[in-house]
Amino acid sequence: MSPTQWDFPVELCCRPMAFVTLTGLDVVYNAVHRAVWDAFCANRRADRVPISFKVLPGDHEYPKCRPKRTSYEWYIPKGILKTGWMNKHLNLVPALVVVFYELDWDEPQWKEKQSECATRVEIVRLENAFYEHAQTYYYTEIRRVKSHKEFLNKTTHQLLFVRHQFKIAFFSELKQDTQNALKNYRTAYNLVHELRAHETNILEIKTMAGFINYKICRLCFQHNTPLDAIAQFRKHVDLCKKKIGSAELSFEHAAWMSKQFQAFGDLFDEAIKLGLTAIQTQNPGFYYQQAAYYAQERKQLAKALCHHEPSVTYPSPDPLETQTGVLDFYGQRSWRQGILSFDLSDPEKEKAGILAVQLKERSVVHSEIIITLLSNAVAQFKKYKCPRMKSHLMVQMGEEYYYAKDYTKALKLLDYVMCDYRSEGWWTLLTSILTTALKCSYLMAQLKDYITYSLELLGRASTLKDDQKSRIEKNLINVLMNESPDPEPDCDILAVKTAQKLWADRISLAGSNVFTIGVQDFVPFVQCKAKFHAPSFHVDVPVQFDIYLKADCPHPIRFSKLCVSFNNQEYNQFCVIEEASKASEVLENLTQGKMCLVPGKTRKFLFKFVAKTEDVGKKIEITSVDLVLGNEAGRCVVLSWQGGGGDAASAQEALQASRSFKRRPKLAAGEVHWDSVVGQASTMIISRVPNISVHLRHDPPALTNEMYCLLVTVESHEKTPIRDVKLTAGLKPGQDANLTQKTHVTLHGTELCDESYPALLTDIPVGDLHPGEQLEKMLYIRCGTVGSRMFLVYVSYLINTTIEEKEIICKCHKDETVTIETIFPFDVAVKFVSTKFEHLERVYADIPFLLMTDVLSASPWALTVISSELRLAPSMMPVDQLESQLDKVVLQTGESASECFCLRCPSTGNVEGGVATGHYIISWKRTSAMENIPAISTVITLPHVIVENIPLHVNADLPSFGRVRESLPVKYHLQNKTDLVQDVEVSVEPSDAFMFSGLKQVPIRLRILPGTEQEMLYNFYPLMAGYQQLPSLNINLLRFPNFTNQLLRRFIPTSIFVKRLAHPDLIRADVSSIF
């Protein structure tokens, strides 16, 4: 039987569609016919009815219908299902034959009507008609098959029950009645398993069971019931997995089981592509994996059962051949087709048939089948993010490639999965994979791979026994000595012979004998850790570090060279240990050599070097540690650790060691525990420790915009002179950008800093210093805003020093920082009052008012006010000359000084937000400051004031005081501030404290022209001494009823102080003069 006998037939796997033939169309030479054919078949969309069209000539002969059987009484079936039945109804026997006739009409528009007949709308209508006729045909066929059941009996017609049920289901599929098709397939499946199974028919039963199971699962997926499909398949496997059949052909059962799982995996995957959602624990990968498992079982059984002597030949005649080239019924043996007897009538023929099957099986490439299935499973597990399942199957794929002698692909796969097993610590699995990889590299004579795998199999991650490690170690040394290694055990004999020739060619060829192997991705038999003695070293102290090495191989081993590389390659030359040795001495039991490593013992190597002065402030990193095994006379291997050592297992081992509470055993003096060593692969080079003192003196806090003095004193305590002393001082970098813009530093305090001055002065040369000598530098700082600032004073210098008998020039530095708080020197309060010193919320146009300033010292130090200045805005005018009233005034902490200015504001109309007043400028400096220190001008922006216009302004002229019974003249000035004639009513209310001449209570009506003034004179006669209320002046503006007397009283005095009478005679004279 052919190796592909287990593949399902195409007609089983395809979707059954109604078969319709078209005759009378010449699709080759007639364009119209071709257009009709294309309209039926080309670009069929999913929404069109499922029909399979085929063009046949008019004289085509269709399969002839056999005469109908009227009785099954003596009929004995020879099998369940004929091999050609499905194909016959899919491709040979049409459900409908459509005959096309070309009519010859003389109508002029016939050509146009011909093209219209080919339009899609007409075709769709025809299709639907064809489809209805086809369904009627398949319905008739189903009824015909069902009618046969009444003639069957379960004694001799068991096979016919299965056959008819399958046909009904298949015709239902052709009719697109998938629900009834599924129902009948399930019935047929149950009937198959009711058949009496024997060694002679077990293959036919399993074959039909597999076909029907495939149909059931396919329809379940199609109906979007995947759980039903999975349940059916599990049931199918449980029922069939023990139906092995002939023990001599048991590999066939494994092949059949493999195909069942593969087919279900294909169905599952196809359903997913059509929209089904799978999950991590239930995806097609598991079915492909199981298919690969049975394929591997098939391979093992075939190896055991098909191993015949070379003298055994293939039987003749061939028992697997048939007259037609194909079997009559699915699942039968070619040498006994149609024989249903359980007794073997011809044992010799049976024996020859079994032998032929076994010999055919030997030609099957099992590894190729297994690899394909595993590859499908890996793709699924990768898709559903199952990394461990993927790695596990990739290992199996690699092993199959090894058995198939495709060692290149085997190594590629095994290399890929080794990383996962190393990172997760699966050492037993890793050892098994490495063993296979070592065999592959040996059989291909791949030098570097062979050395790499040998190094790891000798290491602590390997679970091999010591004798196996010793053999690998010996082979490794042979390779390093340019000799061929011994063959690996359990390798194919022919492959070994080929490999030996390849190794011989490798030895004879002249090529590179140095192999550099980066060990960060695997676990070699040597461990390495690098550790600097300190996280930083001063430039005048030698840099020291240790390299720790530990071997895990069975025997002591000698290395030829140890070298350390740095990010600054100039240091590499100082960190090399080399020991000359012959290749044959690598495994000699010499434990006293300086490069000899004893298994299980930690070896420490000390290195030191002097750092370069230009590396001050830089990090020195170990970039690699290289350990050389062998020598250039033979071959040498360079084990290269990146950074400060460590391999693929180091991080996990360090974590375990940190969590372990196990007490470490005591070691001899000078020995160290490997786990106690913590690597440190980098260190900083820092400057020499300075031996100077830097002192800062100042009087905080600083005042805004003043030239604040910071005195810097530098004193040398070095034993030798220092030179090139430089000072960097100012605002410490890294603070708020706004502070940088508002802070300015200078060395000259006699001039004010502006924005051109920097916030930090750098590298100011201040000369040289001898031991014990000191220098002073005054730094002036101007801070434009309040708040805290951090200032830096950085002093650097050069000094000669000797280290390891080598004189170097060291640059030393010392820095001091100080935080200085900046505050305002003054708190200035500004208020507007009337000429009567009453508080004003607003002022009136052209009416004088008073601006009062109150300057309160907020400084803890005495301040001297040099002068003050009032700069008025254009909208303000002074009433009298503006002069400073605070010249040379000294203010102590908490003291205040006040000034008063009389102003007026011309009419400006309505200004939103008020009218600007101007600026108040105070020139000042600390009282303790030197004379050459410039004064600071502090500018205070005065508040805006609301200005209102009034229709009438009234002011009064009267003496500063009066006397009892003496005449007191009072003149009122009424000024019209509008462009209108004002009608004014004026009256004076009587008072008990005064007598006065003029009209009382009766209002006087006046007319005041625009911009003019009217004067009214009253003579008041005080009657009582003391502070007395003047008679009230009442004014009523007829045009402005809102003008109130309350507003009037803001402009004129309402009271006056009256003194007592001086002499009685004067009193009488004054009274007579009044009357």
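In the predicted model, strand E23 (residues 787-803) and strand E24 (residues 806-823) run antiparallel and are joined by 17 bridges, where strands (E, at least two residues) and helices (H or I, at least four) are DSSP runs numbered from the N terminus and two strands pair if DSSP finds at least two bridges between them. Within this pairing, serine 796 stands opposite histidine 813 in E24. An open sheet of 5 strands, with mixed pairing, has the order E17-E24-E23-E19-E21; its edge strands, each pairing on one side only, are strand E17 (702-703) and strand E21 (760-769).

Residues are numbered from 1 along each chain as its sequence is written. Because the model is predicted, local features need pLDDT of at least 70 and side-chain atom pairs count only at pLDDT 80 or more, whereas totals for chains, interfaces and linings use all residues, and side-chain values use heavy atoms, with hydrogens and water left out.

Further antiparallel pairing involves strand E27 (residues 849-857), which is joined over 8 bridges to strand E25 (residues 826-833) and, also in the antiparallel sense over 8 bridges, to strand E31 (residues 896-904). Phenylalanine 826 stands opposite serine 857 in E27, while threonine 853 has glutamate 899 in E31 as its bridge partner.

Among the helices, H15 (residues 407-424) and H17 (residues 447-457) pack at an angle of about 30°, with their axes 14 Å apart; axes are lines fitted to C-alpha atoms over the stretch in contact, and angles run from 0 to 180 degrees between N-to-C directions. H15 and H17 are therefore roughly parallel to each other, a term that covers angles under 35 degrees. Their crossing is left-handed, the near helix being turned anticlockwise from the far one by less than a right angle.

A search of the whole structure finds 4 cavities of 30 Å³ or more, a cavity being a set of points, on a 1 Å grid over the protein atoms alone, where a 1.4 Å probe fits but cannot get out. The largest cavity has a volume of about 140 Å³, a volume being the space filled by probe spheres set on the points. This cavity is lined by 16 residues, of which Glu199, Ser246, Leu249, Glu252 and Arg333 lie nearest its centre; lining residues have an atom within 4 Å of a point. Helices H8 (202-222), H10 (250-273) and H12 (347-362) each supply at least two residues of the lining, with the largest share, 3 residues, coming from H8.

Terms used. 1 Å grid on protein atoms, 1.4 Å probe; cavity = no way out; pocket = protein on both sides within 12 Å on 5 of 7 lines; lining within 4 Å. Parallel < 35°, antiparallel > 145°, perpendicular 65-115°, else oblique.
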